[in-house]
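These are my notebook entries on one structure, in the order in which I looked things up.

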Amino acid sequence: MKYLVTGGAGNIACQFSQRLPRDAEVLLTDIAKAPFSTIGDNATYQRLNVTQRAEIDEMVGRERPDVILHFASLLSGQSEADRNTAWEVNMQGAFNTFEAALKFGVDRVVFLSSIASFGSPLPDPVPEDCEQWPRGFYGFTKAAVERLGFYYKETLGLDFRSIRLPIVISPYPSPGAASSYASNVFIAAVRDGGYTLQVRESANPAIIYIEDCLKAIDLLTHASAAGLSRASYNLFSCAPTAREIVTEIQKRVPEVEIDFALDEQVADLIDSWPRQIDDQAARSDWNWCPEFGLPEIADEFLLRLTQMKEGEVQ
Ligand SMILES: NC(=O)c1ccc[n+]([C@@H]2O[C@H](COP(=O)([O-])OP(=O)(O)OC[C@H]3O[C@@H](n4cnc5c(N)ncnc54)[C@H](O)[C@@H]3O)[C@@H](O)[C@H]2O)c1
């Protein structure tokens with residue numbers, strides 16, 4: 001199998017490239033000069049700007065991947081701050097990717113959507129077919145690209161599949177994500193001994209540990225098309241409050257000082273995201289089952305961060 005990954009310098013792509021089979025060919029592509037963290041042994045890297053239709057056509061035509069993992073995106077904070085670029089990358093970039101996939105007969109396109117594609121008020125749990133009326137520009141682009149992918153799948157026959165990821169807890173959170181606090185509070189606890197959270201203590205958007213996130217992407221990417229009952233899947237792991245996260249960290253790192261200083265814009269955006277989510281379709285269609293709840297995330301992530309050299313933690 002040959003995989004072409006857009007957004008391949010980023011947080012999830014670099015870590016996912018380490019998980020792909022050793023005999024796979026993995027081409028990571030991104031607008032960035034170089035990957036932001038370690039990539040898989042069998043992965044190579046080339047620059048590609050997904051907003052440029054000719055560039056992506058040329059790359060896909062030359063490389064002929066079996067699968068495109070479309071991860072390139074501006075994240076929530078960046079998208080709110082720069083709607084023009086978010087439109088170009090998130091909307092035009094997806095259109096260009098789908099067109100190139102269709103033109104060159106790519107077997108499968110996997111897209112990472114987000115729980116930010118929903119908007120409040122939301123039922124608890126959020127059902128698979130919940131209406132998507134996001135409050136943020138990023139969430140709007142994710143909901144729109146889910147619909148665009150559905151069109152390519154149902155009308156043009158492209159094997160498009162996507163998951164709505166919760167906030168990913170990872171050592172390399174994108175600085176452009178409003179949700180990066182959920183990773184940074186762990187990272188700062190190990191590196192700096194303290195952190196100030198800008199969300200409400202009661203904020204409890206759904207989160208997922210990076211290992212579970214990578215497992216979910218792997219399962220969906222390699223699931224048989226015949227077993228898929230939908231184009232876009234909900235995903236759920238756990239939804240602790242910010243206060244509960246702090247408590248779990250302080251149980252393990254008692255000397256850490258964590259306080260709250262509200263940024264209402266960030267806090268309101270985070271509070272508009274789902275908490276409990278119905279992910280039965282992922283569980284039954286491709287055997288999704290999370291392994292990490294909050295205590296397991298705290299154990300594993302704090303240990304990993306402690307073992308990492310300081311320079312590797314962004
Ligand atoms: N991390 C999370 O919590 C989370 C949650 C839900 C969904 N997602 C989605 O998962 C995907 C990967 O997220 P991530 O955490 O790795 O974010 P990231 O910011 O680390 O990676 C995104 C990458 O896209 C690249 N990019 C931006 N503009 C580009 C362009 N014009 N052409 C090519 N590449 C471009 C960036 O350079 C970056 O490397 C994104 O689509 C994101 O929306 C992430």
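**Entry 1: Glu 291.** I looked up Glu 291 and found it exposed, because 12 other C-beta atoms lie within 10 Å. The terms I use are these: a residue is buried if 20 or more other C-beta atoms lie within 10 Å of its own, exposed if 12 or fewer, and partly exposed in between, with C-beta atoms placed from the backbone. I record that the model is predicted: local features need pLDDT of at least 70, side-chain atom pairs count only at pLDDT 80 or more, and totals for chains, interfaces and linings use all residues. Residues are numbered from 1 along each chain as its sequence is written.

I placed Glu 291 in the loop between α10 (280-286) and α11 (294-307). Helices (H or I, at least four residues) and strands (E, at least two) are DSSP runs, numbered from the N terminus. I then checked Glu 291 against Lys 215: the two are 76 residues apart in sequence, and their C-alpha atoms are 9.7 Å apart in space.

**Entry 2: backbone exceptions.** Most residues other than glycine have a negative phi, and most peptide bonds are trans. I therefore listed the exceptions to this rule.

Asn 287 also lies in the loop between α10 and α11, and its phi is positive, near 60 degrees, in a residue other than glycine. I found Asn 287 exposed, because 10 other C-beta atoms lie within 10 Å. Arg 64 is not a glycine either, yet it has a positive phi of about 45 degrees. Arg 64 sits in the loop between α2 (53-63) and β4 (67-70), and with 11 other C-beta atoms within 10 Å it is exposed.

The loop between β5 and α5 holds Pro 121 and Pro 125. The peptide bond from Ser 120 to Pro 121 is cis, with omega near -5 degrees. The bond from Asp 124 to Pro 125 is cis as well, with omega near 5 degrees.

**Entry 3: two helices.** I compared helix spans with the expected value, which is 1.5 Å times one less than the number of residues. Helix α5 (residues 137-154) has 18 residues and reaches 26 Å from its first C-alpha to its last, close to the 26 Å expected. Its buried residues include Phe 137, Tyr 138, Phe 140, Val 145, Glu 146 and Lys 153. The cover over the buried residues of α5 includes α3, α4, β5, β6 (159-165) and β10 (232-234); a contact here means C-beta atoms, placed from the backbone, within 7 Å.

For α7, the 13 residues should span 18 Å, and the end C-alpha atoms are 18 Å apart, which agrees. The buried residues of α7 include Ile 210, Cys 213, Ala 216, Ile 217 and Leu 220.

**Entry 4: domains.** I noted that the chain is divided into domain 1 (2-168 + 207-234) and domain 2 (170-206 + 238-274 + 292-312). These bounds come from an automatic or database domain assignment. Taken over C-alpha atoms, the domain centres are 25 Å apart. The contact takes 26 residues from domain 1 and 20 residues from domain 2. On the side of domain 1 that touches domain 2, the elements giving two or more residues are α3 (76-81), β7 (167-169), β9 (207-209) and α7 (210-222). That side divides into 14 nonpolar, nine polar and three charged residues. Ala, Val, Leu, Ile, Met, Phe, Trp, Tyr, Cys and Pro count as nonpolar, Asp, Glu, Lys and Arg as charged, and the others, Gly among them, as polar.

**Entry 5: ligand shell.** Of the 29 residues around the ligand, Gly 7, Gly 10, Asn 11, Ser 73 and Ser 174 come nearest; a residue counts as near if its C-beta atom, placed from the backbone, lies within 6 Å. The elements that give two or more residues to this shell are α1 (11-17), α4 (83-103), β5 (108-114) and β7. The largest share, three residues, comes from α1. By class, I recorded 16 nonpolar, twelve polar and one charged residues in the shell.

**Entry 6: whole chain.** I counted eleven helices and eleven strands. The C-alpha trace spans about 55 × 40 × 40 Å along its principal axes. Of the 314 residues, 50% count as buried.

How values were computed
Contact = placed C-beta atoms within 7 Å.
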